[in-house]
Amino acid sequence: MEDKSDLKYSPKDFKSDQEVRWCPGCGNHAILASIQKALSELGVPKEKYVFVSGIGCSSRLPYYMNTYGFHGIHGRAAAIATGVKTVNPDLSVWVITGDGDSLAIGGNHFIHAIRRNIDINIILFNNEIYGLTKGQYSPTSNKGLVTKTSPFGTVEEPFSVGELVIGAKGKFFARTVDNNINLTTEILVEAARHKGTSVVEVLQNCVIFNDGIHDVVAGKDVRDDRTIILRHGEPMLFGKDRKSGLILEGLKLKVVRIGEKGIKEKDILVHNAHEPNPGIHYFLANMRYPEYPVALGVIRSVEGETYEAAVAEQIKRVKEKSEIKCVDDLLESGTVFVVE
Amino acid sequence: MGRKPQFIEKDEVVIRFSGDSGDGMQLTGTLFSDTAALYGNDLATFPDYPAEIRAPQGTVGGVSGFTVHLGHSEVNTPGDYADVLVAMNPAAIKANAQWLKEGSTIIYDSDSFTESNIRKAGYITDPIKEENLQDYNVIAAPITSMVKEALKNFGLDPKSVLRTKNMFALGMVYWMFDRKLSYTEDYCDRKFKNRPEIAEANKIALRAGYYYAETIEALTPVRINPAPIEKGKYRNINGNTATAWGFIAAAEKAGLKLFVGSYPITPATGILEELAARKDLGVISFQGEDEIAGICSAIGASFAGCLAVTSTSGPGLALKTEGIGLAVMAELPLVIVDVQRGGPSTGLPTKTEQADLMQALFGRNGECPVVVLAASTPTDCFHYAYQAAKIAIEHMTSVLLLSDSYLANGSEPWHIPKMSELPDIKPPYARKENEPYIPYKRDEKRLNRYWAIPGTPGMEHRIGGLEKTIKGTVSYVPENHEYMIKMRDEKVKRVTEKIPPLNVYGDETGDLLLVGWGSTYGHMLTSVKELREEGYNVSLACFNYIYPLPSNVRDVFSKFKKIAVCEINLGQFANYLRMNFQQFHFYQINKVQGLPFTVKEIKENSIKLLEIK
């Protein structure tokens, strides 16, 4: 992907002529704005963007982008995107998906794309519900959630996106909240620049079927105390007064207050997103309110060989060695006999 | 190599190598057929093996066989009944006794006829007697003890010594058919380049078998002269390799990268394996996490401007169904190969069948037309793979190519084509003059839309599985939906104009037209030739273009008193023809045993039909 920093785009260059049809108040509107803003900052020529999606409310997003777009079938966006990126590594390929699309029907493609570390950006809108089918529980719904298909509450344990990504050998995982456009844009830019599969979980509000599901941590009045924004190289501090922080106690993270029980700022963990060992990233990604603040920001960002680069390299190497240069050579290779 | 007694000259012979699935029978058969091809015989092969990699030793279920039919004249089938059976154990006698010609030669490893092996095969004391084969030309060769003896001072472990038994047997058959050992010896040297002692042991066993056959003076050597085939360069090729090469050729001709997204499944895996090995020609192969990833990655690659292919077999085709619908809606070029096997469900994974036809034609939700082609012989898999790619690209459509286990694994000599002789393939790229790009604007004649490849400035557009207007806007307007359905339907129908007419072998009018499709061609052709020689007024029409059908079918059918459809299923193509041509009566000749027809079956059924008043 070429990076032409002299390219000047504004977010509206990425708006298509299609009328946006999400419900008024849906968190997707803000995510769309963040994506358009991030793209305008990346310096990639517009024709190199490809947005691929599956099925669900989130997956309508490609229609609203003035880029190449492919609206696929339920759960398969990662597989479609894999084909696009593998044959043309020069494209900037984005997967727009949801918790149902990627963690239920598309779970297999999701984990294998991550395992291969193909250089695509997977933006997973997590509203913990099926919106387009009008309100059934999803693989991220909290246990006990009452929905149309769980009228007495679900009896299933939910997936944690970050845990799944790290378990699948993921090298980039970030989390953000739909209504924080600045943070989302910052994360999307970082995700796009990361070489390899980047998964960005966006805590997204479904105003109709699961309204306020993230408010307990991401509501405007509580979010400073109940979330922590991680940035590489910075201490893990949070809270309105920035006096709360995280330390490692034994094999567990612990929330502490600076100035209490002899804790000083230097005792607070410094975030290292580039650490290959996923142990601490796993703890951070799994932090749940009320025991912990929920981690936002880039939790893990580790370099590694990408799938499409390895494929291209292997083809190059075999080509150099082989005596077969064209199909005519192939047809006459091996045991050939001549009838005269 | 020693004196030669008098030869018997024969026109054709069928040899079956048979043993435990670990006995190396597939390799033995392949080496023999390559040697025969090099000599200039026409031939056809039929490998027949169990799904288990190592089924219980000595049991009939574990028998692996490889049949070679070679001839001085044209050979169209692997032969129904064998002239020579090489049986490495009693179970191989059990599996093949009913497939022997009367008086044929049976070479068996007498050392393996132990009490326990005899019992495992379901015999009591003597398989030859119990099968009533005493009057056949039975050669009881102590193969195991002879390879042990030949290699006793060689320092090989006992297991490796026993692995050369197949070479001993092959040596005997080479002597019997007056063949040179050099091709097989070269093969051993190549194969065991890093283990010269194994190469040498195999060569010693091969020669030991050859001289043993000469010494016992119980075999009459047979000579089958080269077939009078057209001048040129030839090679042996099986259906799966030919299919893979057809796609590579099409990609080169079209100036496109070739992408294959597949998932391993018997018997289609050979296509993925061959394409994965062809990185030297730039083939991008992707082994997906499942069948769905296979087709979806291919759709993505097609969107990004490649010739995209996905290969599978029946159960995998079922899984790809939704993906095919997406490709039809997106109107991107895509070739889906279904190497059919016995179904339903897991069915008979290593056996052949033609029962996916209805799935190929209609197995999708909505009005979802795809072009359906079927290959007829291992070598014409190349041609139909090439044609499938050409139609997919030029008409911006999905093409489903049907092969089957019989074609995939069978091999025959192939007159090697030159790339310059193959027809052009011209991708319908969107051109700049068309700006602004309209995704579903169509060519007036073919009705294909134009291909705008991501990365091209100014042609950004969105497509996908939802119904759209010509401009690519999602639309629920009733009239628009019907219009788009009709356009997609008509686009595929117009492929008729590009396909050759249905050919008739034999007279164009007559008492009986045998109709087939795909891989039954060889057996049907031999049957019709023999029936005609016997004075019956029978002709043959074999379909390769299944949807759309050639335009002259009605004409062809109308000139025969009776029409009989032969297929390896319960009558799917017959029903399809009934649907399309209600004015004709279609008789049926069917078989669903996981095996191809025999010539005998087709002939007997044809004669019965001719007798119906």
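Strand 9 of chain B (residues 232-238) is mostly covered, with five of its seven residues buried. The model is predicted.

**Strand 9 of chain B and its partners**

Strand 9 of chain B pairs with a strand of chain A: three bridges join it to strand 14 (residues 337-339) of chain A. The two run antiparallel. Within this pairing, Val339(A) has Gly232(B) as its bridge partner. Strand 9 of chain B also pairs with strand 16 (residues 411-415) of chain B. Five bridges hold that antiparallel pair. Here Arg235(B) is bridged to Trp414(B). Strands of a sheet pair through backbone hydrogen bonds, either parallel or antiparallel.

**The open sheet of chain B**

Chain B also has an open sheet of four strands, in the order 19-18-21-22, with parallel pairing. Its edges are strand 19 (538-543) and strand 22 (586-590) of chain B, each of which pairs on one side only. On average, neighbouring strands of this sheet are turned by 25° against each other, direction ignored. Strand 18 (residues 510-517) and strand 21 (residues 560-567) of chain B run parallel and share five bridges. One of the bridged pairs is Leu514(B) with Ala564(B).

The table gives their contacts and angles.

| Helix of chain B | Strands of chain B touched | Angle between directions |
|---|---|---|
| Helix 20 (residues 572-580) | strand 18, strand 21 and strand 22 | about 135° with strand 21 |
| Helix 21 (residues 599-611) | strand 18, strand 19, strand 21 and strand 22 | about 140° with strand 18 |

The list for helix 20 of chain B holds strand 18, strand 21 and strand 22.

**Ala304(B), a loop residue**

Ala304(B) lies in the loop between helix 12 (291-303) and strand 12 (307-312) of chain B. Is Ala304(B) buried or exposed? Ala304(B) counts as buried because it has 27 C-beta neighbours inside 10 Å, and the cut-off for burial is 20 or more.

Which residues does Ala304(B) touch, leaving aside those up to four places away in sequence? From chain A come Gly83(A), Val84(A), Val87(A), Asn88(A) and Leu91(A). From chain B come Ile453(B) and Pro454(B). Trp451(B) is 147 residues from Ala304(B) in sequence. In space the two are 9.5 Å apart, C-alpha to C-alpha.

Conventions. Residues numbered from 1 in each chain as written. Chains lettered and ligands numbered in written order. Predicted model: local features only at pLDDT ≥ 70, side-chain atom pairs only at ≥ 80, totals over all residues. Pairing = 2+ DSSP bridges. Axes fitted to C-alpha atoms, helices over the stretch in contact; angles between N-to-C directions. Contact = placed C-beta atoms within 7 Å. Buried ≥ 20, exposed ≤ 12 C-beta atoms within 10 Å, placed from the backbone.
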